[in-house]
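The sequence and the model come first.

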Amino acid sequence: MAQHIAVVEGVSVDTRHWIGGERVASQSTFDDTSPIDEAVLASISAGSSVEVDAAVSAARAAFPAWAAMPVAERSAILRRVAEGIEARVEDLARVETRDNGALIRSHRRGVMPRVAMNFRYFADYAEQELGHPDMEVRGHRERVSYDPAGVVAIITPWNAPLMLATWRIGPALAAGNCVVLKPPEWAPLTASLLADICHEAGLPAGVFNMVQGTGAGAGAPLTAHPDINRLSFTGSVPTAGVIAKAAAPNIVPLSYELGGKSPLVVFADSDLDLAVNLAVEQFDNAGQVCLGAFRILVQEDIADEFTARVVEKARTIKQGDPRDEATDISALVSRTHFDKVTGFVERAVADGAEVLLGGGPNEDLGGLYFSPTILAGAKPESEIICEEVFGPVLTVQTFTDEAEAVAMANDSRFGLAATLVTGDRERAERVSHLLDAGTVWVNCFFVRDLGAPFGGNGKSGIGREGGIWSFDFYTNIKNSVFSPVGWNTNDAAEEA
Ligand code: NAD
């Protein structure tokens, strides 16, 4: 038993799967390492089709009772999960920071409270807002209902593991589905703590299941499983393509939240302090953020001053151990990813890009710490402009007028988000309409309500989630039409 517990930052984490309300171990394991110092944190059960089959069966068995439970009862349990998360914010923050290298200060004050909200918001929504007023059509009454879809498979990445998992688990469970989660192998630990919290909150066995493992070992059999009803994937474009093929024979609806290469468009009429701050904010989480606006497009007239100020401010970023509250950015998640980011920058420089800041490993820190990097002069068609790096690398390009800014911003196969900085309200209205992106931020970044639609265009994804859009995906929407005739009793007479 004890060998299945890893103690990480003083917190006990079970390294096994969570299936049908029980811990289940696998014969084979994989090592989970920390970005901070590449230390091995835990030896995690490596799931295969055997554990995936068991988890899907457990979810299927639990589904009828969970789906039939009155929504108020279901939501009450999910609110208890939210309370359990709130009670363990510190543990979750410490473990997640050690596991994926994101900042403890963000985890404590932003991310983990939001993880709790992912349950509370959708529990409240299901209870209080889900539904549609009956329609009266030619004397017939039409009732729209949101029926749970069944078993939902959820596959998530490492850059914000618990936040991204619960953003899907919350609405899926609130809608009355059962879930099988496959967490990321580079940051698997907080998913295990979530299983504990769900159990302690009284979530019935089998409603939430979690199979640890690699993409090939556990992810692939889950996506190809014939008994799942929805597949929700957050990750990279190449994996999304593989998954689409695996899921196709089973005609499973997919929701995809994928990569991005979002623009930050800075007009000459903008508040320059604000624009500089928004640019430097893109280094958050060492650039391992799908929504990051890494392609800076700045109007020619202010390009020199703006760029110089961004470089100057980026120099003050404090890089280091994410467990230190004073740290601004930390390390990249793994050696594999570090090498990938390094390769992108080396090829960009070989292809003619000029390094304005950084350009390689942080020599003072070593390990997986990659310096904040700013590149200029890259060719518009070059890899560094077109591909997602997922690291602390900004490029700067210039434009002359609004039309060119919009054309450059939209010249991407991605369309996740766009950030626009301008002091002109009319321009803001005009340009925000023209940008090809699921989310457009004007003079701000990263602000978003859980009730707003979230998702990407083009290669950035399929579908939208948030508020009612989550329930659209996680339910079977049914229209029941009630005729005015054919009833055994006469309502009018009964009422009289
Ligand atoms: P990834 O695609 O390599 O892995 C994501 C998940 O898929 C992991 O759990 C992995 O184990 C699993 N997986 C891998 N191969 C699989 C297969 N054949 N079958 C089933 N599952 C498989 O992505 P990553 O490197 O973990 O994450 C980074 C990517 O995620 C970036 O592209 C980033 O932009 C994207 N992302 C998008 C959003 C969003 O909301 N749009 C949010 C965060 C991250």
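The model is predicted; local features are taken only at pLDDT of at least 70 and side-chain atom pairs only at pLDDT 80 or more, while totals for chains, interfaces and linings use all residues. Residue numbers start from 1 along each chain as its sequence is written, and side-chain values use heavy atoms, without hydrogens and water.

**Two domains**

The chain splits into domain 1 (5-258 + 460-479) and domain 2 (263-442), with bounds from an automatic or database domain assignment. Their centres, taken over C-alpha atoms, lie 31 Å apart. Domain 1 gives 21 residues to the contact and domain 2 gives 30 residues, where contact means heavy atoms within 4.5 Å.

The size of an interface is often given as the accessible area lost when the parts come together. Here the area buried between domain 1 and domain 2 is about 2100 Å², with 54% from carbon and sulfur atoms; this is the accessible area (1.4 Å probe) that the two parts lose on being put together, summed over both.

Between the domains there are five salt bridges, a salt bridge being a side-chain nitrogen of Lys or Arg within 4 Å of a carboxyl oxygen of Asp or Glu. Asp328 and Arg105 form a salt bridge, with 3.1 Å between the closest N and O atoms.

On the side of domain 1 that touches domain 2, helix H3 (89-100) and helix H4 (104-128) are the elements that give two or more residues. H4 has the largest share, four residues. Helices (H or I, at least four residues) and strands (E, at least two) are DSSP runs, numbered from the N terminus.

Helix H9 spans residues 272-281, and its buried residues are Leu272, Ala275, Val276, Leu278, Ala279 and Val280. Buried means under 20% relative accessible area, exposed over 50%, and partly exposed in between (1.4 Å probe, protein chains only). Among the elements that cover these residues are strand S14 (263-266), strand S15 (295-299) and helix H10 (300-314). At the start of H9, a side-chain oxygen of Asp271 comes within 3.1 Å of the backbone nitrogen of Asp273.

Phe306 lies in helix H10. Phe306 counts as buried because its relative accessibility is 0%. Neighbours within four places in sequence aside, Phe306 contacts Val266, Leu272, Ala275, Val276, Ala279, Ile296 and Val298.

**Ser145**

Ser145 belongs to strand S8 (residues 140-148). With a relative accessible area of 15%, Ser145 is buried. Beyond its neighbours within four places in sequence, Ser145 is in contact with Asn476, Ile477 and Lys478.

**Salt bridges**

The whole structure holds 31 salt bridges. Three of them are listed here.

| Pair | Closest N to O distance |
|---|---|
| Arg79 and Glu127 | 2.7 Å |
| Arg430 and Glu402 | 2.7 Å |

Arg430 is in helix H14 (residues 425-434) and Glu402 in helix H13 (residues 402-410), so this pair ties together parts that are 28 residues apart in sequence. Arg430 is partly exposed at a relative accessible area of 39%, whereas Glu402 is buried at 17%. Asp91 counts as partly exposed, with 25% relative accessibility, and Glu127 is partly exposed with a relative accessible area of 32%.

Technical notes
Polar contact = N/O pair within 3.5 Å; in protein donor to acceptor, adjacent residues only side chain to side chain.
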